[in-house]
Amino acid sequence: MAVPSDAAGSENPPVACAAAATGQRRRRGEALAGWSLAGPALVLLVALFFLPVVAVFAIALTDWQFGAGTMSFVGIENFRQIFSDAAFRASFVNTVLYAMIVVPGSIVLGLSIALLIEAGRSMRAFYRAVHFLPFMATLTAMAIAWEALLHPTIGLVNQTLSGLGLPVANWLRDDTTVLPTLAAIGIWQNLGYAMVLFLAGLKAIPQELYDAADIDGADAFPDRLRTVTLPMLGPVTMFVFIVVALRAFETFDTVQILTQGGPGHASEMLLFSLYRESFQYLRTGYGASIAVVFLIIVVILTLAQARLMDRKVHYQ
């Protein structure tokens with residue numbers, strides 16, 4: 001005998017409610033597990049990044065001096081002083097010029113060395129280690145080594161140039177050579193990092209693309225480089241460009257050790273200006289305003305670079 005429809009319906013609601021309750025408990029358990037795993041990282045991110053950024057913005061609106069027990073709210077007065085300060089303008093221009101030399105130099109030389117290593121058949125690991133060593137070395141120790149190399153009288157650089165009959169210079173004390181010299185050291189520091197990333201990108205290019213290029217007549221190295229290698233390295237190049245640009249804007253160690261911003265303000269960078277105002281002159285509120293301007297500049301440049309370059313990048 002057939003079961004009436006109302007009797008069948010009366011048995012379904014308890015089953016449906018039990019299934020709904022089970023699904024709800026499962027979702028709550030998954031949410032709890034997710035927050036348990038992500039919670040520590042989220043707490044550290046807030047404590048170590050967001051709260052310090054908020055604190056810097058707040059201090060930038062005061063006249064607080066490092067170690068003082070009181071402070072006064074001055075609003076945007078610190079920012080007005082920044083943009084009327086000739087030393088800050090000089091440090092900003094120097095940082096931009098430094099980045100304009102270091103970024104393309106690191107990318108071009110890093111890609112060139114990666115192509116040479118990939119084209120060879122022997123001692124690849126040795127060459128990779130040799131070129132990556134400057135990136136792994138301590139910047140302070142390397143800066144001291146460069147200071148000895150660039151000494152105006154007993155330095156190896158000037159001794160070599162003098163032996164070859166070429167003109168010498170006081171590389172770190174001449175306002176016409178100090179910034180290019182620091183940029184050359186910056187390229188040397190970033191070269192290994194760019195090389196390793198480009199090597200990884202070259203390994204990821206399928207051989208079938210080169211075979212197809214050979215069939216189409218692009219069998220010479222310049223043609224293969226233009227039609228296959230460079231387009232396929234687009235994502236890697238964009239990443240290297242952004243990272244090296246950020247590292248260039250964050251330059252501090254070499255300036256502090258080698259030049260202290262001199263001669264005059266010829267080698268002063270933004271981070272060195274921040275350090276000098278905050279920890280040498282103890283003008284922490286003014287230094288915090290420099291940090292805010294520096295953060296805004298870096299964010300704007302990073303977003304602009306990513307947007308402009310992403311339009312020309314070929315993703316697999």
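**Close-up views of a predicted model**

**View 1. The largest cavity and its lining.** In this predicted model, the largest cavity holds about 50 Å³ of space. Two elements, α10 (234–249) and α13 (284–310), each give two or more residues to the lining of this cavity. The residues that line the largest cavity are I242, A245, L246, F249, V298, L301, T302 and Q305. Sorted by class, six residues of this lining are nonpolar and two are polar, while none is charged. The structure holds one cavity of 30 Å³ or more.

**View 2. The largest pocket and the helices around it.** The volume of the largest pocket is about 420 Å³, and the elements that give two or more residues to its lining are α3 (86–119), α7 (178–203), α8 (207–215) and α9 (221–232). Among these elements, α9 gives the most to the lining, with four residues. The lining of the largest pocket comprises 14 residues, and those lying nearest the centre of the pocket are L115, E118, A119, Y210 and R224. By class, seven residues of the pocket lining are nonpolar, two are polar and five are charged.

**View 3. A nonpolar surface patch.** The residues W35, L42, L45, V46, F49, F50 and L51 together make a nonpolar surface patch of about 710 Å². One of these residues, L51, has its place in helix α1, which covers residues 5–59. L51 counts as exposed because its relative accessibility is 52%, and the cut-off for exposed residues is over 50%.

**View 4. The loop between α11 and α12.** This view takes in two residues of the loop between α11 and α12, Q260 and P263. Q260 has a positive phi, near 55°, although this residue is not a glycine. With a relative accessible area of 41%, Q260 is partly exposed. P263 is joined to G262 by a cis peptide bond, for which omega is about -5°.

**View 5. Helix α12 and the residue L282 that comes after it.** Helix α12 spans residues 270–280, and its buried residues are L270, F272, S273, L274, R276, E277 and S278. Just after α12 comes L282, with a positive phi of about 60°, a value taken here by a residue that is not a glycine. L282 lies in the loop between α12 and α13, and this residue is partly exposed, with a relative accessible area of 34%.

Conventions: Residues are numbered from 1 along each chain as its sequence is written. This is a predicted model: local features need pLDDT of at least 70, side-chain atom pairs count only at pLDDT 80 or more; totals for chains, interfaces and linings use all residues. Side-chain values use heavy atoms; hydrogens and water are left out. On a 1 Å grid over the protein atoms alone, a cavity is a set of points where a 1.4 Å probe fits but cannot get out, and a pocket is an open set with protein on both sides within 12 Å along at least five of seven lines; lining residues have an atom within 4 Å of a point. Grid points are joined across faces, edges and corners, and a volume is the space filled by probe spheres set on the points. Ala, Val, Leu, Ile, Met, Phe, Trp, Tyr, Cys and Pro count as nonpolar, Asp, Glu, Lys and Arg as charged, and the others, Gly among them, as polar. Patches are made of residues with over 30% relative accessible area and no salt bridge: like charges are joined within 9 Å, nonpolar side chains (Val, Leu, Ile, Met, Phe, Trp, Tyr) within 5 Å. Accessible areas come from the Shrake-Rupley method with a 1.4 Å probe; for residues, only the protein chains shown count as cover. A salt bridge is a side-chain nitrogen of Lys or Arg within 4 Å of a carboxyl oxygen of Asp or Glu. Buried means under 20% relative accessible area, exposed over 50%, partly exposed in between (1.4 Å probe, protein chains only).
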